[in-house]
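Keep the structure open as you read.

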Amino acid sequence: MKGLFKHKPRTPADIVRQTRDLLAYVDRSSSYSTDLRGDVRREEKMVELAKNMRELKTILYGNSEAEPVAEACAQLTQEFFKENTLRLFIICLPKLNLETRKDATQVVANLQRQQVQSRLIASDYLENNTDLLDILIVGYDNPEMALHYGAMLRECIRHQCVAKYVLQSPEMKRFFEYIQLPNFDIAADAAATFKELLTRHKSTVAEFLSNNYDWFFAEYNSKLLESENYMTRRQAVKLLGDILLDRSNSRVMTTYVSSRDNLRILMNLLRESSKSIQIEAFHVFKLFAANQNKPADIVSILVANRSKLLRLFADFKPDKEDEQFEADKAQVVREIAALEPKE
């Protein structure tokens, strides 16, 4: 008789539906209920929710005993984006305990990569629910949620439509503040997201930088390259090199290396006591030197500082031997030595 009453195993779609219902309950219920029975019931629901999150994570990532099954992942993904499950995950995240938050973050991150019939359906959902991206961005304001929301946001940026929305959003300017937050872990996470936004989708980044050149580089120079924080300056000059040396950004690079203010900032970075910053600054400075159409004021600055620059480069080398660096340095030295002042 026992066999007649066996529970039918839950499908991945069942687990998603039940998780959605539990999150809806958490969203409605207050953490500060004065009803003891309500508190007990809520606690039971939270335990059940934690169990479901672990199951969803196991389906998507597998475990020590089994790899994820493609069919199960597809079922889970399809059900997840049928309704507003992602919205509930994001809105309810602050109400969950730390372990459940971590599991929920990993579930959302993984779902950005899951394809159903060769389509990334997460991308379609986010394109129609861009307000969720605003919640993730301003999550950096909340120290408890910043790393969870930041991890979700970086995975969402895998979708070009998401990166384009964030780059064009007014919230983009917030990153210049987030990167300098006093909490090192949160600042580093925001910097990782910022880098992803400016390097992953080449054509989108090139369009954004061309259309927003003035305000973007004014902020970049004053708040990042001239920051009082060593790590901020180091990361910023490294990222600047990555951006300007990317062929997709050739027009932006030409504009950047035609500015005397930009040259002044890079020459100051070359004089830093930190070898790491000096080396990264050199990779940007060499673009000023290599520009065959230098404006007259750029030539004047380089000529006026020629002896100082040549003295600096005479002993200038990275800690490890680097043939390409030496070749670049030799070329820069030749360019500067041959400069003649323009009328």
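Start with F216. Skipping its neighbours within four places in sequence, F216 is in contact with M172, F176, F194, L198, F208 and L209, where contact means heavy atoms within 4.5 Å. Before going further, a word on what you're looking at: this is a predicted model, in which local features need pLDDT of at least 70 and side-chain atom pairs count only at pLDDT 80 or more, while totals for chains, interfaces and linings use all residues. Residues are numbered from 1 along each chain as its sequence is written, and side-chain values use heavy atoms, with hydrogens and water left out.

**The core**

Which residues touch the most other members of the largest nonpolar core? They are F175, F194, F216, Y220 and F285, out of 105 residues in that core. Its largest share, 9 residues, comes from helix 17 (residues 275-290). A nonpolar core here is a set of buried Ala, Val, Leu, Ile, Met, Phe, Trp, Tyr and Cys residues joined through side-chain atoms within 4.5 Å. Buried means under 20% relative accessible area, exposed means over 50%, and partly exposed is in between (1.4 Å probe, protein chains only). As background, nonpolar side chains tend to be buried together in soluble globular proteins.

Helix 12 (residues 202-211) has T204, V205, A206, F208 and L209 as its buried residues. Helices are DSSP runs (H or I, at least four residues), numbered from the N terminus. The cover over those buried residues of helix 12 includes helix 9 (160-168), helix 11 (184-199), helix 13 (213-225), helix 14 (230-244) and helix 15 (250-256).

**How the helices pack**

Axes are lines fitted to C-alpha atoms, for helices over the stretch in contact, and angles run from 0 to 180 degrees between N-to-C directions.

| Helix pair | Axis separation | Angle |
|---|---|---|
| helix 1 (residues 12-28) and helix 4 (residues 85-92) | 10 Å apart | about 40° |
| helix 8 (residues 146-156) and helix 11 | within 10 Å | roughly 10° |
| helix 13 and helix 16 (residues 260-270) | within 12 Å | roughly 25° |

Take helix 1 and helix 4, which pack at an angle of about 40°. That makes helix 1 oblique to helix 4; angles under 35 degrees count as roughly parallel, over 145 as roughly antiparallel, 65 to 115 as roughly perpendicular and the rest as oblique. The crossing of helix 1 and helix 4 is left-handed, meaning the near helix is turned anticlockwise from the far one by less than a right angle. On the helix 1 side, V16, T19, R20, L23, A24 and D27 meet T85, L88, F89, I91 and C92 of helix 4. By class, the residues of this contact split into 7 nonpolar, 2 polar and 2 charged. For the record, Ala, Val, Leu, Ile, Met, Phe, Trp, Tyr, Cys and Pro count as nonpolar, Asp, Glu, Lys and Arg as charged, and the others, Gly among them, as polar.

Now helix 8 and helix 11, whose axes cross at roughly 10°. That makes helix 8 roughly parallel to helix 11. Here A146, L147, G150, A151, L153 and R154 of helix 8 meet D185, I186, D189, A192, T193 and E196 of helix 11. This contact has 6 nonpolar, 2 polar and 4 charged residues.

Then there's helix 13 with helix 16, crossing at roughly 25°, which makes helix 13 roughly parallel to helix 16. Their crossing is left-handed. Y213, N221 and L225 of helix 13 make the contact with N262, I265 and L269 of helix 16.

**A few residues worth a click**

Is D328 buried or exposed? D328 is buried, with a relative accessible area of 18%, and sits in helix 20 (residues 323-337). Beyond its neighbours within four places in sequence, D328 is in contact with F282 and K286.

P12 lies in helix 1 and counts as buried at 13% relative accessibility. Neighbours within four places in sequence aside, P12 is in contact with I59, A72, Q75 and L76.

Finally, look at the loop between helix 5 (98-111) and helix 6 (121-127), where you'll find Q117. Q117 has a positive phi of about 50° although it is not a glycine, and is exposed at 74% relative accessibility. S118 is in the loop between helix 5 and helix 6 too. S118, also not a glycine, has a positive phi of about 65° and is exposed, with a relative accessible area of 66%.

Technical notes: Helix = DSSP H or I, 4+ residues; strand = E, 2+ residues; numbered from the N terminus.
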